[in-house]
Amino acid sequence: MYEVKSYNNIAKVGLEQLDKNLFTVDTGAEASAYLIRSENLHDVELPSHLKAIARAGAGVNNIPVDEASERGIVVFNTPGANANAVKEAVLTGLLVATRGYIPASAWIQTQAGSEVGKTAEKGKKNYAGTEISGKRLGIIGLGAIGVMVANAANSLGMEVVGFDPFVSVDTAWKISRAIKRVNSLEELLAQVDFLTIHVPFTSETKGYISSEQIAQMKDGAVILNFARGELVDNTALLSAIDSGKIAKYVTDFAMEEIMNKEQVIVFPHLGASTEEAEENCAVMAAETLNLYFKTGEIRNSVNFPSISVHQKAPYRLVAFHRNVPNMLGQISTLVAKHDINIAELVNRSKEDYAVTMLDLEEGDRTVVEQIKSELEAIEHIIRVRLIG
Ligand SMILES: NC(=O)C1=CN([C@@H]2O[C@H](COP(=O)(O)OP(=O)(O)OC[C@H]3O[C@@H](n4cnc5c(N)ncnc54)[C@H](O)[C@@H]3O)[C@@H](O)[C@H]2O)C=CC1
Ligand SMILES: O=C(O)CCC(=O)C(=O)O
């Protein structure tokens with residue numbers, strides 16, 4: 001049995017989805033897998049037993065992915081499973097940026113009493129807003145969330161312009177033809193009334209929106225950030241707000257320096273906090289763990305390649321290794337030395353890492369265990385799992 005340790009209120013339906021013949025959950029035993037949401041794993045020691053981290057969500061910036069790769073720990077996420085929830089959160093952001101509902105609601109609650117109806121009618125002029133219909137929205141990052149925001153905003157009457165130099169074929173198919181795509185950030189920034197960012201937070205995207213980008217925007221533009229706080233340079237943002245260059249900033253990420261500013265609307269990372277998204281993410285994450293621990297197959301991993309092969313022999317070895325020349329040659333030569341036939345051999349790579357899966361026509365487990373330990377001794381092999 002493998003122990004799964006869960007963090008951050010994983011939806012019950014997801015925990016129940018974990019295969020009871022494979023897993024125990026939160027018993028306190030040494031964990032083979034973590035099932036997490038936003039838990040920060042950067043400052044904790046990952047146990048030697050750990051084979052997988054499943055992120056019930058999209059962003060993996062809370063996980064030391066490079067360390068995990070070097071230790072053969074597969075990191076999974078749940079692409080698209082919470083995208084609709086975030087899309088709806090962004091629409092909320094657009095609407096609260098343009099209409100006075102948040103301050104108006106706070107104000108009217110202070111006016112309780114028999115005259116409140118009259119007071120409301122008299123005071124509402126202070127909370128009049130503008131409409132989003134007919135305005136132009138720029139979207140950076142046309143992935144699962146960006147595409148949904150694009151199509152929804154377009155259907156609400158907005159003109160939508162998108163920028164994503166790495167857009168996937170899969171998501172490109174989902175973009176409405178009404179969405180204009182541009183090839184440079186500069187082109188997008190110069191023409192939009194609202195800007196929303198939907199890219200992962202990495203060392204390359206830190207401070208993506210900084211003074212240089214803000215300077216290219218229209219005066220009085222609104223920025224929305226439901227991706228990660230660190231994507232926007234807060235010092236540049238605050239000075240643009242003080243000068244009136246940026247009219248409003250709506251963000252899902254509370255950070256000390258942006259709090260208590262009239263032009264900044266902060267939500268406590270609520271984008272994916274819907275019953276539906278929490279359940280979708282938890283179930284998808286549990287299913288990837290079931291598949292991986294039962295068969296060695298990999299789906300939705302951010303650090304190792306997808307690999308899916310029906311098992312063709314009693315024992316399967318899954319070797320995680322660096323993506324360098326001659327690994328396949330060394331692996332198959334080693335198996336051949338034991339005079340064992342390979343029923344299936346599949347090799348897949350993703351950037352610096354690769355996985356080789358071997359189904360062995362050998363019924364004696366001790367022989368397979370011997371091959372496993374010999375494989376582990378080959379340079380550049382990081383981890384080998386035996387399934388069967
Ligand atoms: N507020 C919340 O609760 C949530 C926030 N998020 C955040 O939103 C981010 C995006 O989520 P998804 O759309 O599901 O991910 P995704 O992986 O489907 O889409 C990301 C898109 O960004 C694009 N991209 C990457 N680097 C870029 C760059 N330098 N310039 C322009 N585009 C670039 C990629 O090509 C991809 O199309 C996540 O990484 C996460 O940080 C995700 C879910 C919930
Ligand atoms: O689990 C959550 O509430 C946060 C989701 C999120 O930020 C993500 O999926 O990247």
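Me: E275 lies in helix α11. Why does E275 count as exposed?

Reply: In this predicted model, E275 has a relative accessibility of 60%. Exposed means over 50%, so E275 counts as exposed.

Me: What makes E88, E275, E276 and E279 a patch of negative charge?

Reply: Glu counts as negative, and the four residues gather on the surface. Membership of a patch requires over 30% relative accessible area and no salt bridge, with like charges joined within 9 Å. E275, at 60%, is over that accessibility cut-off.

Me: Which helix gives the most to the negative patch?

Reply: Helix α11, residues 275-295, contributes three residues to the patch.

Me: Why does A89 count as buried?

Reply: A89, found in helix α3 (residues 83-98), has 14% relative accessibility. Buried means under 20%, so A89 counts as buried. A89 and H269 are 180 residues apart in sequence, while their C-alpha atoms are 10.0 Å apart in space.

Me: How much of the protein chain do buried residues make up?

Reply: Of the 388 residues, 47% are buried. The chain has 13 helices and 16 strands, and its C-alpha atoms fill a box of roughly 90 × 50 × 35 Å along the principal axes.

Me: How do you know that R322 forms a salt bridge with E70?

Reply: The closest N and O atoms of R322 and E70 are 2.6 Å apart, and the cut-off is within 4 Å.

Me: What ties R136 to E159?

Reply: R136 and E159 form a salt bridge, with closest N and O atoms 3.0 Å apart. Strand β6 (residues 136-140) holds R136 and strand β7 (residues 159-163) holds E159, so the pair links parts that are 23 residues apart in sequence. R136 is partly exposed at 24%, as is E159 at 41%.

Me: Why is the pair of D170 and K174 called a salt bridge?

Reply: The closest N and O atoms of D170 and K174 are 3.9 Å apart, which is within 4 Å, so the pair meets the definition. D170 and K174 are four residues apart in helix α7 (residues 169-174), and therefore about one helical turn separates them. D170 is exposed, because its relative accessible area of 52% is over 50%. A search of the whole structure finds 15 salt bridges.

Me: What makes the phi of N9 worth a remark?

Reply: Most residues other than glycine have a negative phi. N9 is not a glycine, and its phi is positive, about 55°. N9 sits in the loop between β1 (2-6) and α1 (12-17) and counts as exposed at 69%. N326 has a positive phi too, of about 70°, and is not a glycine either. N326 is found in the loop between β13 (315-322) and α12 (327-337), and is exposed at 53%.

Me: Which residues does the annotation "domain: ACT" cover?

Reply: According to the unreviewed UniProt entry, the annotation covers residues 316-388. That span is 32% helix and 42% strand, and its end C-alpha atoms lie 6 Å apart.

Definitions and conventions. Residues are numbered from 1 along each chain as its sequence is written. Chains are lettered from A and ligands numbered from 1 in the order in which they are written. This is a predicted model: local features need pLDDT of at least 70, side-chain atom pairs count only at pLDDT 80 or more; totals for chains, interfaces and linings use all residues. Side-chain values use heavy atoms; hydrogens and water are left out. Patches are made of residues with over 30% relative accessible area and no salt bridge: like charges are joined within 9 Å, nonpolar side chains (Val, Leu, Ile, Met, Phe, Trp, Tyr) within 5 Å. Accessible areas come from the Shrake-Rupley method with a 1.4 Å probe; for residues, only the protein chains shown count as cover. A salt bridge is a side-chain nitrogen of Lys or Arg within 4 Å of a carboxyl oxygen of Asp or Glu. The place of a charge is taken as NZ of Lys, CZ of Arg, CG of Asp or CD of Glu. Helices (H or I, at least four residues) and strands (E, at least two) are DSSP runs, numbered from the N terminus. Buried means under 20% relative accessible area, exposed over 50%, partly exposed in between (1.4 Å probe, protein chains only). UniProt positions are given in the numbering used here, feature names are shortened, and annotations may be inferred rather than shown by experiment.
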